[in-house]
Amino acid sequence: MENTTKVITGKDTRFSFCHIWEPESINGSDPKYSVSLIIPKSDTVTIEKINKAIRAAYEEGASKLKGNGKSVPALSALKTPLRDGDVDRPDDEAYANSYFVNANSKDKPGIVDAACQTIIDRGEVYSGVYGRASINFYAFNANVNRGIACGLNNLQKLRDGEPLGGRSRAEDDFADEGDDFLS
């Protein structure tokens, strides 16, 4: 049976806020692995797959979303993970003309390169690289907060990108300095 809530993003997905090597606690919550996936608005195939998966998660999780209420709230009334970067992050150039989803997991994601070989060097995958992500969508109902969330399965780095967050890579800082220090 096909998993209708699972999505593999397109090759132009950019990784940001990468907490993929060690779980991180946000505001005292349980530590989780997480990444913000920036998807260009031009990648309509990935956006459509995500919208279908959100709808499937909504339908599969109807009883959970209903909770003690009389009816399931409309999908449009719920918190969903696909966000518009132009609306939600107007001051962040990396999110311009893009959608994004924040994916997280209690389990460490698998991280591979373009040849599907495991990446061990933590410096290889940073905020700004491009790749594909395996994510899944599911309904949640926690106290007064309910909606559809995005789980992180695995990541595949396809190519380097300009590092986000203002931090440069050591390789880039020193690559053009030549061998002047020997003279």
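In this predicted model, K79 sits in the loop that runs between α2 (62–66) and β4 (83–84). K79 counts as exposed because its relative accessibility is 51%, and the cut-off for that label is over 50%. Leaving out residues up to four places away in sequence, K79 touches N145, R146, G147 and I148.

K79 also turns up at the largest pocket. Together with K32, N102, N104 and A149, K79 belongs to the residues that lie nearest the centre of this pocket. The pocket has a volume of about 800 Å³, and its lining takes in 24 residues. Sorted by class, eleven of the lining residues are nonpolar, eight are polar and five are charged. Several strands contribute to that lining, with at least two residues each from β2 (13–24), β3 (32–40), β5 (98–105), β7 (130–142) and β8 (145–159). As background, rolling a probe the size of a water molecule over the atoms is what shows where empty space is left.

Stepping back to the whole fold, the protein chain has four helices and eight strands. Along the sequence, these elements come in the order β-β-β-α-α-β-α-β-β-β-β-α. The chain is 183 residues long, and 38% of them count as buried. Its exposed surface comes to about 11,100 Å², with carbon and sulfur atoms supplying 47% of that area. Links across the sequence are well represented too: taking contacts between residues at least 6 apart in sequence, 68% join residues at least 24 apart.

The buried residues of α1 are T46, I47, I50, A53, I54, A56, A57 and Y58. An α-helix has 3.6 residues a turn, so residues three or four places apart point the same way. The cover over the buried residues of α1 comes from elements including β1 (6–8), β3, α2, β5, β7 and β8.

Some loop residues are worth a stop as well. Most residues other than glycine have a negative phi. N27 is not a glycine, yet its phi is positive, at about 50°. This asparagine is found in the loop between β2 and β3, and it counts as exposed because its relative accessibility is 80%. C116 is another non-glycine residue with a positive phi, near 65°. The loop that holds C116 lies between β6 (110–112) and β7, and at 55% relative accessibility C116 counts as exposed.

The loop between β2 and β3 also holds D30. With a relative accessibility of 52%, D30 counts as exposed. Setting aside neighbours within four places in sequence, D30 is in contact with E24, S25 and K106. D30 and K106 are 76 residues apart in sequence, while their C-alpha atoms are 8.2 Å apart in space.

Technical notes:
Residues numbered from 1 in each chain as written. Predicted model: local features only at pLDDT ≥ 70, side-chain atom pairs only at ≥ 80, totals over all residues. Heavy atoms only, no water. Buried < 20%, exposed > 50% of the residue type's maximum accessible area, 1.4 Å probe, protein only. Contact = heavy atoms within 4.5 Å. Areas by Shrake-Rupley, 256 points an atom, 1.4 Å probe, with all protein chains shown as cover. 1 Å grid on protein atoms, 1.4 Å probe; cavity = no way out; pocket = protein on both sides within 12 Å on 5 of 7 lines; lining within 4 Å. Points joined across faces, edges and corners; volume = space filled by probe spheres on them. Nonpolar A, V, L, I, M, F, W, Y, C, P; charged D, E, K, R; others polar.
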